[in-house]
Amino acid sequence: MSFTGDSGTLGALADVGEADQATEAVPRRRGKRFGRRRRREIGLAYLLILPSLLIFGVFVFYPFFRNFYLGFYKTPPFPGLPRHYVGFDQYRDVLTSQDFVDSLKTTVGFALLTVPTGIILGLLLAVLANQKLRGVGIYRTIFSSTIATSVAVAAVIFGTLFNPVVGLLPWLGINPSPPILDNPDLALLGVAVITIWQTLGITFILMSSGLQAIPEELHEAAQVDGAGPVRRFWRVTLPLLSPTIFFAVVVGSIFAFQTFGQIDILTQGGPLKRTNVLTYFIVKTLQQDNNDGKAAVLAVALFGITFVLTLIQMRVLERRVHYGR
Amino acid sequence: MLGRTLRYLLLTLLALVVLFPLYITLVNSLLTPEQIAAKPPTFFPTHPQWSTYSDAWDVGHMGRYLLNSAIVTTIITVGQVGTAILAGYAFAFLEFPLKRTLFLVFLSTLMVPFEITIVTNLSTINNLGWYNSYQGLAVPFLATGFGAFLMRQAFLQVPRDLQDAASLDGYGHWRFMSRVAVPLARPAVAALSVFAFLGAWNQYLWPLLVTKDEKYRTVQIGLKQLRASNLDQVNITFAGVIIAAVPLVILLLLFQKQLVRGLTAGAVKG
Amino acid sequence: MAGVALEHVTKRFGDVVAVRDLSLEAEDGEFLVLLGPSGCGKSTALRMIAGLEDPSEGTIRIGDRVVDEVEAKDRNVAMVFQSYALYPHMTVRKNIEFPLQTRNVAKEERATLTLQAAQSLGLEALLDRKPGQLSGGQRQRVALARAIVRRPDAFLMDEPLSNLDAKLRVQTRAELIELQRRLGTTVIYVTHDQVEAMTMGHRIAIMSDGVLQQVGPPQSVYERPANLFVARFIGNPAMNTVAGPIVADGDGRAIAVASTRIQLPEPYARVIRDAQLTDVVFGVRPEHLQVSSEGLLPATVSVVESLGHERHVVCRLEDGQMVIVRQQASEAAPGEGSMVRLATDLEHLHVFDAHTERRIEP
């Protein structure tokens, strides 16, 4: 298959038999002839999407479906023995186990801690940095800066800051015993704080973009109409920001459910399994317990919960979103 | 309305709070362990210990980790942008059967959480013999539904007139793609590149599962390793953190605009 | 109801002076048009009256109040923006109601006033729609309804018709005039369209580069432009302006245009003598020029444009300057390329100092 494209219109027309192929260029959306030209176009199209589809097939779809299948097989406690088929029993056992229920509670609790707080803080910073002040650009860069941090970076930094010996908290007077990350009651909160800080940059950028998309004229019209700053925020800014907030809630929840790095570095699911979020549970089941089957079931649960949650959010929340257009 | 000074005060206060963890990391990376443990804490290094950086780099292997991250991230970024351009072009400019269905298939990959793929992907990678290798780290991520979506949107903005003119000038698809469509979609390509780079650089779960030693470990796992092996020498760990964070800080400073564009592609338009 | 006054108002944005020492007063009930090209400062002046910008110098009064320290929301003016600035997420009803809510008007009264405002603009049927579902003309009327609903001291309008198509523009223009005459509220109206200015305003204030050029009723601005800028801006096609040096003609004075000498009447000559002016620009509107065999000014016909009911004859003078003659279709049309002579009545002659660009009064 070759597209010469060199001959130019006249040169190509001279070669009548080959005309269609030689000048085959950007297609007309009309012209539904299924001649060689169309078949070439179709062939090219499939060729172009093939690389992506290949990767998706091998590393996304195949694993996705196989995972369900894996859940039907119970992994033996000793390596070398074959798996045996148990049907839905494993699903039932794992999903009703206390560990799973606890993990689910922890994960949901974590999401509730981080998503609303993160959005409110990001919004607050965005509103403050949206003013027309001299040098506000520097503040905007600073507020976005945590986007340069990964979960590993944030975890290591705060892990040390929270450390009772070398950390800064004791100096600030915060000295819980046991120390935060070892404290069953405080560990999840500690990780939540770290996560909120780390995602502040993204949330800030998101909220800022949403704010800047609101035409300045609307705020001016509201001013002339007699609205003070608070009323302007509630009646004009916030409703028009609702698509962005909605997006942040949906995507934020999805990411909150996939929290892993911080837990892996700092608490390893403890203390007393109080930070055993689902993803960590899955990986630990896979790596430490070598239990493929159970891990697969947990992964299905994670997928299912995320999916359902997103669906619910779309149903319930999207109704309250005011799309400007 | 708050007075101007009050607003600046509030902004500065919040900026300090946000910056503080990074700042203290930088400071602590230049102190001795004793200084770090001392109370009250030191906020400015009077005798900077530059050796922490060379320690982190050599003994802590951060140099090697940085190289690995750079290689893997580049492969992934190039791969994602490349496949996204190809697929986006097909969806934007070509007509073919099942086009709409296939596009939905592309988008559906966004709904599949990574965790549900790791069990199988690990065994696939193992079977291919790619455990602890660059291929194992990069290949599963060479395509992205988000990227195809972004590029399709960008390509759809190319005016119909240009397509017609190019057609009359005898441009074939490959030429049109490289000479017209991609250059016109440059902002989207830049945004996608930055976004892909960021995502790949910050990956944690997969590199953890698929590497086992410093030969191929990336900088994020490297940090975990560094911390674990230097529990008493926090300054070296912090030097490692700075080393890991610096490339991204530079990226952010240079490409802030593109990054914003990439992040908000889905959000603001609803 | 109140008049609006700007006293020595200047506005700087960094190094750029957008409005320079502007003093202007609109009487209570007057329809004052701020006219000028883009960037002349008219919108800035309007925004300062609204309170959306603060003047760098000078004072603004609405009615008897000095409003310099008063915020936009408390100034009791209403503004119609060029893009209407309707709240896209609110229904038409809520949009119109909004200014009443901010003033804590009781619920029943709000509903009544909103309905009245909607009815006066023919919007009753659209009250529950959102702006996105309305046409341009309908949106414009919603913006107006929102402005009139609370009986402000003044209406400020920033090119409200420019987003409408030509036919709708003409129709809405008439409606706006009728509305203002009926309500009797002061209106400050910003536009770059001189037809709007001429037809709508009680007075026109023309601005250029931040400076007020002239203010007066439309007819006087048309008939006695104060300087070259106003002369060229008002009128379509624009006034012909021909430059030429002054030559002495005995005791009198004449303008030299190539080889022609146009003798100036004594009143002009005296002013020119006394001020010792050397160069002037004379202006004459296209409708006041005739093609006549007794005309003083020789010219070559360059292009003849027929517009149906009238004709524009574009002529080139001997020294290359171009003028346009407006003829009725009934008059004989000169051929393109032919040599003609142009004549005018001296009373339709405007003379401007070439250096100061100001009008010379005889």
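Helix H9 of chain C is followed by C:Gln276, whose phi is positive, near 55 degrees.

Me: Before we go on, what am I looking at?
Reply: This is a predicted model, where local features need pLDDT of at least 70, side-chain atom pairs count only at pLDDT 80 or more, and totals for chains, interfaces and linings use all residues. Residues are numbered from 1 along each chain as its sequence is written, chains are lettered from A and ligands numbered from 1 in the order in which they are written, and side-chain values use heavy atoms, with hydrogens and water left out.

Me: What makes H9(C) a helix, and which of its residues are buried?
Reply: Helices here are DSSP runs (H or I, at least four residues; strands are E, at least two), numbered from the N terminus. H9(C) spans residues 266-275, and its buried residues are C:Tyr268, C:Ala269 and C:Ile272. They cover an arc of only 100 degrees around the axis, going by the directions from the helix axis to the C-beta atoms, which puts them on the same side of H9(C). "Buried" means under 20% relative accessible area, with exposed over 50% and partly exposed in between (1.4 Å probe, protein chains only).

Me: What covers those buried residues of H9(C)?
Reply: The cover includes strands E11 (240-249), E12 (252-257), E14 (279-284) and E20 (350-353) of chain C.

Me: Why is strand E8 of chain C called largely enclosed?
Reply: Six of the six residues of E8(C), residues 186-191, are buried, so the rest of the structure largely encloses this strand. On one side sit C:Thr186, C:Ile188 and C:Val190, and on the other C:Val187, C:Tyr189 and C:Thr191.

Me: What makes B:Arg160 and B:Asp164 a salt bridge?
Reply: A salt bridge needs a side-chain nitrogen of Lys or Arg within 4 Å of a carboxyl oxygen of Asp or Glu. The closest N and O atoms of B:Arg160 and B:Asp164 are 3.7 Å apart, so the pair qualifies. Both lie in helix H9 of chain B (residues 160-168), four residues apart, about one turn of the helix.

Me: How many residues are in contact between chain A and chain C?
Reply: With contact meaning heavy atoms within 4.5 Å, 18 residues of chain A are in contact with 24 residues of chain C. A:Val224, A:Asp225 and A:Arg235 supply 35% of the area that chain A buries against chain C, more than any other three residues. Buried area is the accessible area (1.4 Å probe) that two parts lose on being put together, summed over both.
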